Amino acid sequence: MATEPVSSSVASKQVFTQAKKQPRRSNRHARETLSAYLFLAPYLLILAIFTLFVSLYGIGLSLFKIDIGFTAPEFVGFHNYVILFNQLSDIGLSDFWTSMKNILEYVVVIVILQTALALLLAVILQHTRVLRGVFRTIFYIPALISSVATSLIFLWFYNPDGLVNFLLSLVHIQGQDWLNNTTFALPSIMLLNIWTTGAAFMLYFMAALQDVPRELEEAAAVDGANRFQIFWNIVVPLLRPAIFLVMALGTIGGFQMFDQAMFMTNGGPNDATLTPMLEIYNTAFSDQSFGLAAAMSVLLFIVIFIVTLVQRQLIDTNTNNS
Amino acid sequence: MAQLSSQIPSIDSSDLPQQNHQPGRHFRWPHIILYISLALFTITSVGPLLFTFISSFKTFQDILAFPPSLIPNPWIWSNYTQILANPIFLRWIGNSLIYAFGAMILNVIFSAMAGYALARMNFPGKKIIFTITLAVMMIPTAVTIIPKFLVVNDLHLINTYWALILPNMAQPLTVFIMVQFMKGLPKELEEAAQIDGASRWRIFYAIILPLVKPALTAVAIVTFQGAWNDFQWPLVALGSQNMYTLTLGLFNFKSAHYTQYNLLLAGSMFNIIPILILFFIFQRYFIEGATGAAVKG
C-alpha cells in the first residue's frame, strides 16, 4: 500500500516481468501446493484413518453381524437396528434403552447444574478484586484431576463409613450406602461430575464475562437497577453464545459418560448407572457383538445430534423473544 | 504518541473512583456474600483433594474409621513404600510416561506443521481441510471407539505403545489452536525470507516456530494431560497387565484390593500430583489450551 505512487516506468516494467513469468509462476504455485501437502501429510493421514474412515466404518459395521474369531462377518442390513427398536416395547428388559433412560436423566441434571456452577464461579471471580488469580487456580483444580482419580476419591467418600455420611451425621441425617442404592447411585455420580466439569467450564464464562461492556452495567446501575436485575437482564442475554457452547459441550460429553460408571459401579446396582457407552463397551468387548454395538453407537450419535440441535433452537428463540 | 499516553492515565483515573464508589454506596452485604462464597468454594475445590492427600498417610484401620479423623494417627509412609516396592506399579508409571510424552512430542510437531500450512500457505483444498478439521471435532468418541479398535487390531498394534500413540499424534483440536495462533503473525515475516530464497521448511522452523512458543506449549500441555489422564482408550487398546497405563493399573488395582483405600489413595497420588505440578508451572498455557476450543464458538 505504501508503494502506490510509483512512477509509470516502474509500473510498466512490473507488468512486463509479470507477463513474462506467467508459466514459471504456475510452476511455483504447484511447488507451493506440494510443500503445503507435505506439511499436512502426517495430520491428513491420521485424520483420514482414525477419524474419517473410522466414522464411516462404524456406520458400516452397524449393518453387519460380527463376532470376531467365530464366524465371517455377515451382512444383515438394518437387522441390528430392528433388534434395538423391537426392545422398545419393554424398556425395562432392554439394557440399551435402560441405559438411554439413565443417561437422559443424567444429562438433564448435570447440564443445568454444571452450567449454573460454572457461571457462578466465573461471576464470583469477576467480582473478586484481591488475589483473583489465586482463586481462579484453586477453583480450577477439580478440572485437572483424572476421571480415574476422582472416581477413586469419591468411591471412598461415598462408602458407608465415609466422609459424606460423616458430614450428614453432623446435621443428623441418616447416611446411605450411596453407590449400592438404586435411587442414589446415579445422583452420586452426577454430583462428582458436576464438581469436575463445572470447574472446567468456568474458564469459558470468565472469557465471555470479560467481553461484557462495563458501560452497560454502569448505565443500568445509574437507572437504579439492582445487581441481580443487571445480571439477569443485561449480562445473561449477552452471555447467550457462551451459555449455548457450554451447554452443547456439556451435553455431548454427558451423553458419553463412561469412566466414572465403569470405575465406581460398573453399571450397577441393578443397571441403575448403566450408561450407553458402558453398554456399547460391554456389547462389543464382553459379548463380542461388534455390529450390534456399532448400531448402538450410531443411535447414540443421532440422539446427541438431535438434542444439540433442539438446544440451539430453544436458545435462539429465547433470544428472539426478548 | 504523547497524546495517546497522556490519554490512557486519564481514562484510568476517571474509571477508578467510579469502581470504588459503586461498591461503597449500599453494597456492604454483597461483599460479605462474596467472601463467604470464596471461602466455601475454596473448601469444596481443594478440600476433597487435600483430605485425600493427608489420608494417604493413614493406616488401613484409620482410613475407614468412623468418624473419620483429619490427621493420620499414626502417620505412616508404608502405603507409598509398599506401592513403590511393586515392580508392576513402576511399570505402569513408565507406560503412562511413554504414552503421554510420545503423544505430546509427535502431536506438537504434526499440529504445528499442519497449522502452518493451513494458516499461512495458499493451495487448493485448504478451505475443505480446515472445515473438516472443525467438523470432526463434533464427532463423538461413541461412534469411533469400536471401529478404531478394529483398525488398530487389523494393524496388529493392540497391546502396544503405538496403539495408544498413533491415533493421538495429530489431533484436530490442536491443529485448530495452531492455526488460530499462526494466523495472527504479520505477513512480512515470510515475504522477506522468501525473497532471500529461504525454503518453506526453513521459514517454518527458523522464523515461525520460535514465534509461536506459547501455542506450542499450550498444545504440549493439552496433549500430555489428555494422554496422562486417559482411561477409556487404554482400556480398549491394551490387553496385558504389564502394558497398562497408570489409570488402567489403578482400575485393575481397585478390582483386586477393593477396600484397601490406604494403598489406592496413595497410588492415585502418582496420577494426580504430576498434573498439579505441571499446572502450577504452566498455568497460563493450561488455560489457553483448555479454552482453545471456545474460540470457534
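**Notes on a predicted two-chain model**

1. In this predicted model, the largest nonpolar core holds 165 residues, and the members that touch the most others are A:M202, A:F205 and B:A114. Helix α8 of chain A, which runs over residues 185-210, gives the most to this core, with 16 residues. As general background, nonpolar side chains in soluble globular proteins tend to be buried together.

2. If its neighbours within four places in sequence are left aside, B:A114 is in contact with A:F39, A:L40 and A:Y43 from chain A, and with B:A170 and B:V175 from chain B.

3. The contact between the two chains takes 66 residues from chain A and 67 residues from chain B. On the side of chain B that touches chain A, helix α2 of chain B (residues 28-55) gives the most, with eleven residues. Sorted by class, this side of chain B has 47 nonpolar residues, 17 polar residues and three charged residues.

4. Chain B is itself divided into two domains, with domain 1 covering 2-80 and domain 2 covering 82-296. Where these domains of chain B meet, the contact takes twelve residues from domain 1 and ten residues from domain 2. On the domain 1 side, the elements that give two or more residues are α2, α3 (60-63) and α4 (78-84) of chain B. By class, that side of domain 1 has five nonpolar, six polar and one charged residues.

5. For chain A, the domain assignment gives domain 1 as 8-61 and domain 2 as 90-321, and the C-alpha centres of these two domains of chain A lie 43 Å apart. Chain A contains 14 helices and two strands, and 40% of its 322 residues count as buried. Among the contacts in chain A with a separation of 6 or more, 68% are accounted for by residues 24 or more positions apart.

6. The buried residues of α5(A) are A:F139, A:Y140, A:I141, A:P142, A:A143 and A:L144.

Technical notes. Residues numbered from 1 in each chain as written. Chains lettered and ligands numbered in written order. Predicted model: local features only at pLDDT ≥ 70, side-chain atom pairs only at ≥ 80, totals over all residues. Contact = placed C-beta atoms within 7 Å. Helix = DSSP H or I, 4+ residues; strand = E, 2+ residues; numbered from the N terminus. Nonpolar A, V, L, I, M, F, W, Y, C, P; charged D, E, K, R; others polar. Domains from an automatic or database assignment. Buried ≥ 20, exposed ≤ 12 C-beta atoms within 10 Å, placed from the backbone. Core = buried A, V, L, I, M, F, W, Y, C linked by C-beta atoms within 7 Å.
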